[in-house]
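Q: Got a model open here and want to go through some packing details. Can we start with contacts?

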Amino acid sequence: HRPAAAQEENAANNVKHKSKLHRVVHWDQSVSGWLYNKVMHMEKVGARKLYKTLEYSGHGVPWLLFAFYMLVWHPTHAVFSVHLLIALILDLILVGLIKVLVRRPRPHYNQDDMRFSVQIDSFSFPSGHSSRCFTVMPLILALTDSPFEVFLFCWAFVVAFSRILMGRHYLLDVLSGIALGAAQYCIVCLLIAFSHAECEAIVRYINSHFFSTPSVSV
């Protein structure tokens, strides 16, 4: 009787957990849909064009190109360039892995006008733009002397929450992406944290083996 009772108790607990998860998902969808519908009237004044611009600014392709540009043409910024590239690669791996495991569909009202997308982009959780922005933003502030702290902070938040207003993601996708981005920053800058000499060696190796650029002293 005890094994049977234990099985019934486990089944009851599973039902409770599923019920709680269902309520959370329902709340997430309701709030996200409400936010999306609230800004629908702004479509007539070009809000979607603004959202698309923000979308491009947080896309992985231009950030990867920028990281390689810094590695090749600005080797004196080796510490920033190397950690930026590592952070972007880590972001692609973790976001892709989580999307495949969770497989949450995007909101049904999302418009099919995404550029530079792959099959995995059909999934919604977590928001890759949010995770990328909240990885890149603190990394730039920590490893450079950027005078645009307020701008970068605002940019990251606006890009992240524009994903909801654009209909690309639900609220929890974005919040989870922000948390993942902060975690990725900590992994790259606090745990990996290559020294200046190690970053210079990595830059020299990449330039000598993959790019036919003149040798630059760093």
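Q: Which residues does Leu64 touch, not counting those up to four places away in sequence?
A: This is a predicted model. In it, Leu64 touches Leu85, Leu88 and Leu92, with residues up to four places away left out.

Q: What's the C-alpha separation of Leu64 and Leu85?
A: The two C-alpha atoms are separated by 6.9 Å, and the residues are 21 apart along the chain.

Q: Where does Leu64 lie?
A: Leu64 is in helix H3, which covers residues 60-73.

Q: Buried or partly exposed, that Leu64?
A: Partly exposed: Leu64 has a relative accessible area of 23%, and buried would need under 20%.

Q: OK, helix H4. How many residues, and what does it reach end to end?
A: Helix H4 runs over residues 78-102, so 25 residues, and reaches 36 Å from its first C-alpha to its last. That is close to the 36 Å expected at 1.5 Å a residue.

Q: What follows H4?
A: Arg103, with a positive phi near 55°.

Q: Switching to the largest nonpolar core. Which residues touch the most other members?
A: Leu84, Phe134 and Leu139, out of 35 residues in that core.

Q: Which elements give two or more residues to this core?
A: H3, H4, helix H5 (128-143), helix H6 (149-165), helix H7 (171-192) and helix H8 (196-210). H4 gives the most, with nine residues.

Q: And what is Phe134 in contact with, leaving aside neighbours within four places in sequence?
A: Phe134 is in contact with Ala156, Phe157, Ala160, Ile178, Gly181, Ala182 and Tyr185, with those neighbours left aside.

Definitions and conventions:
Residues are numbered from 1 along each chain as its sequence is written. This is a predicted model: local features need pLDDT of at least 70, side-chain atom pairs count only at pLDDT 80 or more; totals for chains, interfaces and linings use all residues. Side-chain values use heavy atoms; hydrogens and water are left out. Helices (H or I, at least four residues) and strands (E, at least two) are DSSP runs, numbered from the N terminus. Buried means under 20% relative accessible area, exposed over 50%, partly exposed in between (1.4 Å probe, protein chains only). Contact means heavy atoms within 4.5 Å. A nonpolar core is a set of buried Ala, Val, Leu, Ile, Met, Phe, Trp, Tyr and Cys residues joined through side-chain atoms within 4.5 Å.
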